[in-house]
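Look at the structure below before reading on.

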Amino acid sequence: MTQPNLVPIPELYVSAESAQKLKVEAGNMPSWDLTPRQICDLELLMNGGFYPLKGFLTEADYNGVVDNMHLTTGDLWPMPITLDVSQEFADKLEPGEDIALRDQEGVILAILSVTDKWVPNKSLEAEKVFGADDLAHPAVNYLHNVAGPVYLGGPVTGIQQPTHYDFRGRRDTPNELRAHFRKLGWRKIVAFQTRNPLHRAHQELTFRAAREAEANLLIHPVVGMTKPGDVDHFTRVRCYEAVLDKYPAATTHLSLLNLAMRMAGPREAVWHGIIRRNHGLTHMIVGRDHAGPGKNSAGQDFYDPYAAQELFREHQDAIGIQMVDFKQMVYVQERAQYEPRDEVEDGATILDISGTELRRRLREGLEIPEWFSFPEVVTQLRRTSPPRNRQGFTVFFTGLSGSGKSTIANALMVKLMEMGGRPVTLLDGDVVRKHLSSELGFSKEHRDINIKRIGYVASEITKNGGIAICAPIAPYTATRRAVREMIEAGGAFIEVHVATSLEECERRDRKGLYKLAREGKIKEFTGISDPYEEPANPELRIQTEGYDVDHAAHQVLLKLEQMGLIGLE
């Protein structure tokens with residue numbers, strides 16, 4: 001039998017000479033600027049990581065994948081790989097046309113020959129692929145609130161791969177990895193899929209997996225897109241490099257995978273297996289709650305912890321690589337070693353630090369024991385996760401017009417500036433409208449753009465260790481969530497709902513805006529002719545009726561102190 005890692009995988013790129021000609025032709029085609037997720041998908045389509053796909057799914061293939069994880073050819077494929085676009089762009093296109101696919105700098109990466117254009121049933125896609133149409137799932141939220149409403153499908157002609165300026169020596173295409181394995185004479189290789197830093201439990205798990213499979217080890221972390229709130233990939237790769245010498249150099253390799261994860265649990269495990277087969281692997285570790293997104297909106301896990309192993313095992317022959325399944329690894333104090341949880345006898349002392357507890361210890365500058373992680377990894381994590389009282393953060397006030405947001409925000413700004421220690425910036429709604437969004441109106445689309453601009457500026461302030469205070473109305477849950485995810489990538493986000501009643505806001509209305517809205521003279525006015533979606537779980541909810549501004553601002557300070565972001569003298 002031919003070893004899978006000895007045979008090159010088909011790629012979708014044309015020759016360099018043809019690419020130059022196509023680039024000129026593509027300059028006159030309609031063009032679509034790809035999103036970060038679409039760039040990840042396109043790269044793996046072009047380099048063979050998504051083989052047997054030859055492009056973005058047609059409608060028939062999409063329906064088969066959503067319904068039963070199979071393409072019309074009969075091949076197993078569990079994840080919809082579609083080019084979602086805006087309604088405006090889709091309206092200008094008809095099947096049979098070619099479009100240029102560009103990166104965010106405008107560089108043409110590929111040509112898509114559009115064969116299909118359709119409006120998907122996104123709720124059905126969410127139910128089938130992710131198990132529930134629940135916005136608590138990051139991919140379902142992306143599907144409904146970020147992805148475009150129309151899908152395009154058809155074959156892709158690759159012109160050039162996306163450019164990566166970071167860790168270039170660690171990035172391998174499927175065929176580059178296969179060539180590396182051939183050169184070293186590796187015939188059996190087990191992949192370790194990860195989106196987290198490597199701690200001692202992971203090292204023990206990978207050692208055991210390689211021994212069990214009698215295989216070499218590929219540490220193959222995802223550096224494309226993972227779950228919002230994950231450690232950034234720059235920090236993670238520095239962590240991987242810091243512990244690489246803990247592994248035998250002759251039997252271990254580190255390579256980065258530019259994949260946009262969907263956190264789809266069981267289906268994602270099958271998908272990861274196919275991708276690893278294409279990279280020349282023969283085995284893959286599937287652990288507890290593989291690619292799970294956490295809790296659903298009812299506070300329960302989205303997937304059973306071993307559902308991914310079960311689905312992988314069911315389709316193992318079609319995937320084409322063998323699963324090495326592992327249970328949760330725990331540290332047994334009496335024996336000073338890691339063991340599978342289900343093999344530890346009753347009465348033994350099990351030590352464990354959850355991801356939440358690790359983040360708390362980093363945040364509060366507490367000790368992280370050596371039995372849990374390597375000092376080199378902890379050093380890297382502390383570099384990008386300083387104690388909370390030295391991190392940047394954003395206080396995001398939301399509430400109806402006239403609720404008192406701006407007044408409280410101003411008072412909070414003064415109090416924080418009096419305390420000193422970090423620069424404070426107030427991004428008030430009216431000020432931002434004047435300086436950042438003067439061309440925007442008050443339609444839902446324009447209000448969303450305005451809030452996202454505020455969020456972007458606040459995220460930059462937060463990332464660089466400052467304090468941003470925002471006070472827009474921000475009436476829509478999905479937009480506030482997008483802003484939260486943007487900001488939490490670089491620091492803390494504190495949502496403050498100024499919960500003043502509509503009646504009180506109308507009573508206070510000095511500008512007469514509510515009266516004009518009631519008379520129909522102002523269209524799409526929040527609270528009257530347009531909805532205000534109240535935050536379900538803000539960090540703080542403030543009632544302003546019967547309280548003065550100083551009290552309200554002090555409530556925010558107390559919350560910041562409770563979260564460890566400031567210290568009250």
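## The annotated domain

In this predicted model, the end C-alpha atoms of residues 171-383 lie 24 Å apart. An unreviewed UniProt entry annotates residues 171-383 as "domain: Sulphate adenylyltransferase catalytic".

## The annotated binding site

The unreviewed UniProt entry also carries the annotation "binding site", which covers Gly-399, Leu-400, Ser-401, Gly-402, Ser-403, Gly-404, Lys-405 and Ser-406. From this set, Leu-400, Ser-401, Gly-402, Ser-403, Gly-404, Lys-405 and Ser-406 belong to the lining of the second largest pocket.

Where does Ser-403 sit? Ser-403 is placed in the loop that lies between strand S16 (393-398) and helix H15.

## Packing of H15 and H21

Two packed helices are described by the angle between their axes and by the distance between those axes. For helix H15 (residues 405-419) and helix H21 (residues 549-562), the angle is about 55 degrees and the axes are 9 Å apart. The crossing of the two helices is right-handed.

On the H15 side, the contact is made by Thr-407, Ile-408, Ala-411, Leu-412, Lys-415, Leu-416 and Met-419. H21 contributes Val-549, Asp-550, Ala-552, Ala-553, Val-556, Leu-557 and Leu-560. Sorted by class, the contact of H15 with H21 has eleven nonpolar residues, one polar residue and two charged residues.

Key: Residues numbered from 1 in each chain as written. Predicted model: local features only at pLDDT ≥ 70, side-chain atom pairs only at ≥ 80, totals over all residues. Heavy atoms only, no water. UniProt positions renumbered as here; feature names shortened; annotations may be inferred. Helix = DSSP H or I, 4+ residues; strand = E, 2+ residues; numbered from the N terminus. Axes fitted to C-alpha atoms, helices over the stretch in contact; angles between N-to-C directions. Left-handed = near helix turned anticlockwise from the far one by under 90°. Contact = heavy atoms within 4.5 Å. Nonpolar A, V, L, I, M, F, W, Y, C, P; charged D, E, K, R; others polar. 1 Å grid on protein atoms, 1.4 Å probe; cavity = no way out; pocket = protein on both sides within 12 Å on 5 of 7 lines; lining within 4 Å.
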